[in-house]
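Visitor: Could you take me through one part of this model slowly, and then show me how the chains meet?

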There are 4 protein chains.
Amino acid sequence: MTKRTMASPSGKGRSLKRSTGCRRNVETSRAILEAAAAILQEKGYANFTIEEVARRSGASKSTIYRWWANKMGLLFDCYAGASEKMLVIPDFGDVEREIVFMIRSLWKFWRETPSGRAFRLLIAEAQTDASTVEEWRTRFLPERRKLLRFVLQRAAERGELRRDIDFETVMDIMFGYSWYRLLTGQIDDDVKAATAMVREMVRGIIRKE
Amino acid sequence: MTKRTMASPSGKGRSLKRSTGCRRNVETSRAILEAAAAILQEKGYANFTIEEVARRSGASKSTIYRWWANKMGLLFDCYAGASEKMLVIPDFGDVEREIVFMIRSLWKFWRETPSGRAFRLLIAEAQTDASTVEEWRTRFLPERRKLLRFVLQRAAERGELRRDIDFETVMDIMFGYSWYRLLTGQIDDDVKAATAMVREMVRGIIRKE
Amino acid sequence: MTKRTMASPSGKGRSLKRSTGCRRNVETSRAILEAAAAILQEKGYANFTIEEVARRSGASKSTIYRWWANKMGLLFDCYAGASEKMLVIPDFGDVEREIVFMIRSLWKFWRETPSGRAFRLLIAEAQTDASTVEEWRTRFLPERRKLLRFVLQRAAERGELRRDIDFETVMDIMFGYSWYRLLTGQIDDDVKAATAMVREMVRGIIRKE
Amino acid sequence: MTKRTMASPSGKGRSLKRSTGCRRNVETSRAILEAAAAILQEKGYANFTIEEVARRSGASKSTIYRWWANKMGLLFDCYAGASEKMLVIPDFGDVEREIVFMIRSLWKFWRETPSGRAFRLLIAEAQTDASTVEEWRTRFLPERRKLLRFVLQRAAERGELRRDIDFETVMDIMFGYSWYRLLTGQIDDDVKAATAMVREMVRGIIRKE
DNA sequence: TCGTAATCGAGACGGTACGTCGTGTCTTGCC
DNA sequence: GGCAAGACACGACGTACCGTCTCGATTACGA
């Protein structure tokens, strides 16, 4: 009356994916990332579990843990891989339009791609452990900030910006705005929101007489 | 075979904290919130579990779940209770100084109180499903925005601000900045950072000749 | 963000059943027994819980526990009350037919009445505690055995039975048979089963030449 | 951000009993059954919980639930394992003595071994829902009846029994008798009780002139 | 007639077990 | 060595019932 009879480990269900010897199987690796992306797409932020990734990718948990340290590592690669292709640098000759464009692109990416959806989870995961936040901040964020910095500096060279602005602070502000909207569930394709933010940033809030 | 004729094999365990009838036991409620805060203080955002709260508070899990729907609800009350006492409205007659002060107060709260420390977990926790984000956005955030809105509107009445600014957008920007710094582990008591942000906001980034 | 606002104990939902002062409210008592019976009827042996009885009867748990020591006590009264009315003594002038009739009546009672259904649970409950078994055996069973003993003795007086039979043992055998069928889920209205048992008992199994 | 670049915040707890790969760990399995038996021995039928078994065996609850569907399944294996060793088939050339011997062995087993003690709980547990009763009746009982059927048939071949007896019914009667005695707390080593039952069965109760 | 004493509902409470799920580690045996 | 399969300890989850308790309203009876 036990639940099942003795398990036979190499039973009926043969897997298609086999070992490729002492080299990493790239097919497996790809399958894992694809499965991870699909789960994020379909089931949302919760329900994203390593076990589910293993089930869907046909990989074993050990293989996943061999190559990624934990859930966050996997999420990270989901996001990193895709964002590079999606985010491009506009060149309109007008910094305001360029930034609005970039914000809308970013939000669209967050909204519409599985990898983008991973991002909020990535932020959440990172909060559980101080060292993870640190590593993430120093290794991941700089990559993302490059694009915006480039656009801002180009605008500065074109003479569009005040001489004395602090680029890093401005970028903190702009990323912060997008993150805040993301984390509070407000990243519809809202042209007004993006434009409004840029306008306030651009003009300053102080009254000049 | 009513009571007096039937053996009663029960009644071994005696509890310390007794029932207060059909009214909620405020002492228990307080013990729970205190335990929750203490755990956050000592063990950090991760390792915060309902079971641990139950163990330390001496309350039972059922009691916690009777009054809070889930972990997030409890975290929320931890935060809300404390933040009301901590965050005050400055009145310096100068909106720049007022905002810098508020930002520094907020960061200090986030850094130095157990409840404040809970906040990043609260954000993370809220990301797990869409309905939580929604509830959080509509019930929790408005409360937090009131203070800043008050300060901005007062400044507007004093004539310090441009006539046409969009208060909500400005608040999104300012909260966004603080959240971003928090979530990327950069909320030291950095006067420069707070001041820099305000300066950029205040002046605008566009060059005016 | 707590689960609900402060409970108001004497809120909207007024109960119909009121206190009857310092006398026991028989209506409440009846409602409890009826609810208990109904639950057994509908939901079966599992799902019979004091809380459910309280819910359905409109009584409070304290009232139930005031009058019955525990779940078993309540089950017991469910059974005892009903069985008296249901089980009658046949008088056919033929002990075989009388016993078959009694068995079928008993099985029918067990099958078709809520109280009867309680019986198997009663047996099960009684097993959890040694003193309960004891009390049950000495206080409850004798009552049930009276009927059968009466029938057997009447048959003996009619000269139908062997002189030296041990009534108590025979009764043990007969009750045992019914219990076994009950506890193994075989108390359909199976005339053959009842008859077969009686035949074996009556004839003996040893070959007589 | 593969494994080697990502901090791994885990790995604090070391366990004593290690995995044996994808094969079932027989040591664990044995430890679970032993713990279960010991608990029955010491704490009786009530107080037998899966959690306690987990605690004492050093196994995790998940492992228990991996191999046994529920409490009943585990109890069952406790009982089945032990009963095979304990219950033997006598061969005295005399069916009366053989049956008395078997009954006394069975009662002794029920009385004196932890697994035997589990049996009444097993019966009780099985009553909680209809499907359990069914499974139990079809999967468990037949195994137990084999021994007795063998003895009866051998006696029949020796010519000791009436030609037309219904073996299944006789077994129902005999098992019923033992169960009834068990469930009503009367399985002392009472030679008289066992003998009396057999005598009544053997001779029949009807008077033959 | 009024106080005392008991009943009753509602439901909070500590406790404990349930059964499920996910984590990250490990082992076996095939490739 | 890579890899699938999957067993394992750990521990949190959220639910359910248990039996005890307190509260405040209600009601009968005796002083």
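Guide: Helices here are DSSP runs (H or I, at least four residues), numbered from the N terminus. Keep in mind that this is a predicted model, where local features need pLDDT of at least 70, side-chain atom pairs count only at pLDDT 80 or more, and totals for chains, interfaces and linings use all residues. Residues are numbered from 1 along each chain as its sequence is written, while chains are lettered from A and ligands numbered from 1 in the order in which they are written.

Back on helix 5 of chain C, the buried residues include C:W107, C:F109 and C:W110; buried means that 20 or more other C-beta atoms, placed from the backbone, lie within 10 Å of the residue's own.

Now for the chains. 43 residues of chain B are in contact with 43 residues of chain A, contact meaning C-beta atoms, placed from the backbone, within 7 Å. On chain B's side, helix 8 gives the largest share, 11 residues. By class, that side has 23 nonpolar, eight polar and 12 charged residues. The copies meet through the same surface, because 98% of the interface residues of chain B are also interface residues in chain A.

Key. Contact = placed C-beta atoms within 7 Å. Helix = DSSP H or I, 4+ residues; strand = E, 2+ residues; numbered from the N terminus. Nonpolar A, V, L, I, M, F, W, Y, C, P; charged D, E, K, R; others polar. Buried ≥ 20, exposed ≤ 12 C-beta atoms within 10 Å, placed from the backbone.
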